[in-house]
Amino acid sequence: MANFETVEVNTDLLILGGGFSACGAATEASYWAKKNGLKVTLVDKAAMDRSGAVAMGLSAINQYVGVKDGENTLEDYVRYVRQDLMGISREDLVYNIARHVDSSVHLFEKWGLKIWLDEEGKYVHEGRWQLMINGESYKILVAEAAKNAIADAGGEIIERVFIVDPIMDGNKCVGAVGFSTREDKFYVFKAKAVIAGMGGAVHVFRPRSVGEGFGRSWYPPFNSASSAYFTIQAGAEMTCQEIRFIPVRFKDAYGPVGAWFLLFKSRAISAQGGEYMVVREDELNNWAPYGLAKPIPANLRNYLGMLDVDAGLGPLYMETDEAIQKIADEFKDDPKAFKKKMKELDSEAWEDFLDMTISQAILWASLNVKPDEKHSEIAACEPYFIGSHSGGSGAWVSGPEDLDTPYKWGYENMTTADALFTMGDGSGASSHKFSSGSHAEGRIAGKAAIKYILEKGQDPSVDMAKVEELKAKILNPLDLFESHKDETTDVETNTNYIMPRQFLHRLQKIMDEYAGGVTSAFKTSKSLLERGMELLAILQEDSDKQAAQDLHELMRVWENTQRMWQAEAHVRTMLFREETRWPGYYFRADTPKMDEDNWKCFANCRFDPSSGEWEMMKKDVWAVPGA
Ligand code: SFD
Ligand code: AMP
């Protein structure tokens, strides 16, 4: 076996990930840990300052309820999310996050985040729930606060360690194992409670981008389903694994559309069909009552555009020039003011991407696009697993004790595996939390985990023989490469192993062609999914034949394996739910309609690590009274 030093870390609370939810958890938990003499340890595969989905920054905060200004109520937000997810959301969780999110945003502002203010000093809204920010350094700012809180409470931060598996003691999570991506070190974390905050998943499906652009995607390629894999391997119940998110984005560089639709009030059209969300409005009746909601649910906004593309009326365009002109025209009687407004709008248009998706600004420049002069193509991206946005996938977690929810078992955001909590993209069925809501949910989970440790915490009983087995399994790709690499003239072509990139292409091809990816226009069926399961079973067999030349490739191997488990949970749940509820995300051609009588429920699943069996189950939707 590769000669790796084993580093053992003992702590009270272990936070996995260094992203937005983890920063919330670290900031909150450190406060309570300091008060109670407990230790908090945070582990990130990258460097916290620039890790996770907000690494490049953001140009908006997409969840702010504005309760203090009486603009909106918590029930308003619960209703918005219920409709956008076609009736399927854990309203107790959405309510719980909505009542805390504004305080996280106020903290960000106190820590120095520039939130746009209007002449009266009020926040500038991109939309009803979204605020405009100068957010290029948003992550650095929020990470700094988390780092300070951990240091102040005597905790520790370990960066560049890739977490793979949970350590279980029966149904209790007592730690985690992983390896350094910089040194030959294998890490064993032992803890009284663990919070998985390692984001969602990209590259489970084949991306639209190819060749040297292969790594280009909207959601970050370095979020590889580590949270989902960790909670699945712990035997925790998962939910909404079928609800992938497909964002419509500026084509090829994945620039977001929110600011264009909401702030610039831009129209989206198809070249031959016109404004598809207007022209195809009748289609929305087929998806009542949710199809009749305003705003139109995100998946249906996609679907109406897809119908035009299927009809050969594409490409689709965002009418940026028309939108900017329309706003500036309000100043046309005053040429000086008009010129100033045009300049302002132009810089806002560029800042939107420079703050968040730089490649879109680069593509505009390289294609000589001036958004105030020329419209830009938009397109539906490949599917992502991001429960914090308009998707819903994640683990099934306990709700707040003070609500009459049927789904609470003592500690908020604890999974069905004891002492294992999750948040952000790791927790499911609580969509539309975005960066701010993920931070707030992290705070909820952080405080609840400390409460758990104070009330039920025990010294972790870790079976070191099992840990040795995990070490051997996790380092095996290095051994496999070393023992066979010299048998062929090209180390990447070998009958004894498969390289990470080769494995990734196989996974993505299966998902793209059988599970409703870009190539199959997001359509699938029972037969296609069953065939996909057959091929996934062979892929699973070959997964322990992945080889790694170095630490970087070792990380790539385990990212692949984590993605593969996310893929299986996804396909199993799409097979289980015998209807089409989210056209625009996926369409089951054999069950093309929505079936409110039989399927207005959660489709949950659970992998039993001891038997290796999967269990599928339905759970009722509980509605917040008054929402
Ligand atoms: O509009 C391991 N998001 C937006 N949210 C907003 O509020 N406003 C916006 O404008 C947003 N836009 C946006 C957004 C995301 C992206 C990618 C783009 C644009 C281009 C969504 C938010 O970013 C998102 O909701 C939150 O960041 C989710 O938080 P969280 O904590 O669930 O995930 P994370 O921040 O990605 O952090 C994950 C962390 O885990 C680490 N990690 N560590 C150890 N071992 C492993 N195996 C690990 N695997 C991952 C990562 O390094 C990271 O630290 S808009 O377009 O939607
Ligand atoms: P996006 O840029 O697609 O990530 O969206 C950013 C935010 O704007 C999210 O809160 C979306 O739900 C919202 N959004 C995007 N497009 C629209 C639209 N056409 N109508 C209403 N809300 C939208």
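A polar contact is a pair of N or O atoms within 3.5 Å; within protein, one atom must be able to donate a hydrogen and the other to accept it, and residues adjacent in sequence count only if both atoms are side-chain atoms. The views below show a predicted model, in which local features need pLDDT of at least 70 and side-chain atom pairs count only at pLDDT 80 or more, while totals for chains, interfaces and linings use all residues. Residues are numbered from 1 along each chain as its sequence is written, chains are lettered from A and ligands numbered from 1 in the order in which they are written, and side-chain values use heavy atoms, with hydrogens and water left out.

View 1. The shell holds 14 residues, of which Gln130, Arg249, Val257, Gly258 and His389 come nearest; a residue is near a molecule or strand if one of its heavy atoms lies within 4 Å of it. By class, the shell around ligand 2 has seven nonpolar, five polar and two charged residues (Ala, Val, Leu, Ile, Met, Phe, Trp, Tyr, Cys and Pro count as nonpolar, Asp, Glu, Lys and Arg as charged, and the others, Gly among them, as polar). Helix α6 (residues 258-263) gives the most to this shell, with three residues. Helices (H or I, at least four residues) and strands (E, at least two) are DSSP runs, numbered from the N terminus.

**View 2. Polar contacts and shell of ligand 1.** A polar side-chain atom of Ser388 lies 2.6 Å from an oxygen atom of ligand 1, and one of Trp218 lies 3.2 Å from an oxygen atom of ligand 1. Phe434 contributes a backbone N or O atom, 3.4 Å from an oxygen atom of the ligand. Of the 1100 Å² of accessible area that ligand 1 has on its own, the protein covers 98%. Around ligand 1 there are 36 residues, with Ser21, Asp44, Ala60, Ser388 and Ser435 coming nearest. They divide into 16 nonpolar, 16 polar and four charged. At least two residues of the shell come from each of α1 (20-35), β4 (58-61), β8 (161-169) and α12 (434-456).

**View 3. The antiparallel sheet with edge strands β13 and β14.** Four strands form an open sheet in the order β13-β16-β15-β14, with antiparallel pairing; two strands pair if DSSP finds at least two bridges between them. At the edges, β13 (248-250) and β14 (268-270) each pair on one side only. Neighbouring strands of this sheet are turned by 40° against each other on average, direction ignored (axes are lines fitted to C-alpha atoms, for helices over the stretch in contact, and angles run from 0 to 180 degrees between N-to-C directions). Three bridges join β14 to β15 (residues 316-318), and Ser270 has Leu316 of β15 as its bridge partner.

**View 4. The parallel sheet with edge strands β7 and β18.** Five strands form an open sheet in the order β7-β3-β2-β11-β18, and the pairing is parallel. The edge strands β7 (156-159) and β18 (420-422) each pair on one side only. The twist averages 20° from one strand to the next. Within the sheet, β2 (residues 13-16) and β11 (residues 193-196) pair over four bridges; the partner of Ile15 in β11 is Ile195.

**View 5. Aromatic pair Phe250-Trp364.** The structure holds 35 aromatic pairs (rings of Phe, Tyr and Trp, its six-membered ring, with centres within 6.5 Å; planes under 30 degrees apart count as stacked, over 60 as edge-to-face and the rest as tilted). Phe250 and Trp364 form an edge-to-face pair, 6.0 Å centre to centre with 90° between the planes. This pair links distant parts of the chain, 114 residues apart: Phe250 in strand β13 and Trp364 in helix α11 (residues 358-366).

View 6. The peptide bond from Lys294 to Pro295 is cis, with omega near -5°, and Pro295 lies in the loop between α7 (276-279) and α8 (298-310). The bond from Gly314 to Pro315 is cis, with omega near -5°; Pro315 is in the loop between α8 and β15. Asp252 is not a glycine, although it has a positive phi of about 75°, and it lies in the loop between β13 and α6.

Note on methods: Areas by Shrake-Rupley, 256 points an atom, 1.4 Å probe, with all protein chains shown as cover.
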